[in-house]
Amino acid sequence: MRTHQRRNRVLTAAVALTATSVVALTGCSSTGGKPADSGGGVSGGHVDTPRYTVAMITHGVPGNAFWDLVQKGAETAAAKDNIDLKYSADPQAPNQANLVQTAIDSKVDGIAVTLAKPDAMAPAVAAARQAGIPVVGLNSGFDQWKAMGVQQFFGQDENIAGEAAGKRLAGEGAKKVLCIVHEQGNVSLEARCSGVEKGMGGSGSVERLNVNSADMPSVNAALTAKLQQDPSIDHIIALDASIAQTAVEAKQAANSNAAVATFDTNAALVDLIKGGQVEWAVDQQPYLQGYLAVDSLWLYLTNGNTIGGGSAVLTGPAFIDKSNIDAVAKYAKAGTR
């Protein structure tokens, strides 16, 4: 990707972030409508525009804190925009594609979808477009969304994010890094590990460990066994905050000295970074991804506007560590970071 294209995307993200920073944090429900008064925020009525129905379909694992943040951001935008939000998720790509088809059959006004496994999702996206339903992408599928005909995308370039993490690991003296892939076939996760390897620039090696995040006890067992088997692993890079939490437990069980870092954050990770059990996290702002995906569809449906003007809107990456964790902590406590 050319340098000037990346800069354009960063500028686009900055504009989008500035525009959304003035939005008050309000309580809301998954069906939109007037937001409730939340103790720490400013309440207000929804917009005076037609009530649209938007379906958001992700590949999120049930109960994962990352996807709770995505959903909460989507609900906040839906409440502000007078949108009836239908959120659903399934980590299995064929099931996720079926959920998209269900949304099409119910004649929703817009669809927001993650593209972790683009080959499996392409026919469903094409069906939505054929039905005249606008589709925006979020979180995953950065390299594929435009070719699939998705009109807007909100997330991070996982190659850039992975490379930045790899450079930081190299700067910290990492020699053998274990990159934990918690969902096989997910293009975003594979891009992160590849980026880490590129960013290290040959200063160390990167080994991938495939695990199943739908079965966290098995993740713990597999990681503990790997660390016991190979004490030369000096750094662990998780690709999800919940995996990082498990890595901390596995490291202790295996008596490993490996440092733990991760992509993505949640409220529990704040304490781990403060306590030094996790060195740092790469943040892509999942709440913002959910918010912008829904808000962009409302803007398109009401005014024909597109955020980003045909380019992806970057919501990350940014590093969170001990130097700035206190600034993030209050938002994590509120459930928005």
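A residue is called buried here when its relative accessible area is under 20%, exposed when it is over 50%, and partly exposed in between, with a 1.4 Å probe and protein chains only. By that rule Asp-230, at 13% relative accessibility, counts as buried. The model is predicted, and local features need pLDDT of at least 70, side-chain atom pairs count only at pLDDT 80 or more, and totals for chains, interfaces and linings use all residues. Residues are numbered from 1 along each chain as its sequence is written, and side-chain values use heavy atoms, with hydrogens and water left out.

**Disulfide**

- The structure holds one disulfide, a term for a pair of cysteine sulfur atoms within 2.5 Å.
- This disulfide joins Cys-179 to Cys-193 with an S to S distance of 2.0 Å, and the link is left-handed, with -90° about the S-S bond.

**Salt bridges**

- The structure holds 16 salt bridges, each being a side-chain nitrogen of Lys or Arg within 4 Å of a carboxyl oxygen of Asp or Glu.
- Arg-192 forms a salt bridge with Glu-158, the closest N and O atoms being 2.8 Å apart, and this pair links distant parts of the chain, with Arg-192 in helix H6 and Glu-158 in helix H5 (residues 158-171), 34 residues apart.
- Arg-192 and Glu-158 are both buried.
- Asp-230 and Lys-176 meet through their side chains in a salt bridge of 2.5 Å, N to O.
- Because Asp-230 lies in the loop between helix H7 (216-229) and strand S8 (235-238) while Lys-176 lies in strand S6, their pair ties together parts that are 54 residues apart in sequence.
- Lys-176 is partly exposed, with a relative accessible area of 21%, and a network of salt bridges links Lys-176, Glu-207, Lys-226 and Asp-230.
- Lys-86 forms a salt bridge with Asp-84, where the closest N and O atoms are 3.4 Å apart; Lys-86 is partly exposed at 41% relative accessibility, whereas Asp-84 is buried, with a relative accessible area of 16%.

Key: Helices (H or I, at least four residues) and strands (E, at least two) are DSSP runs, numbered from the N terminus.
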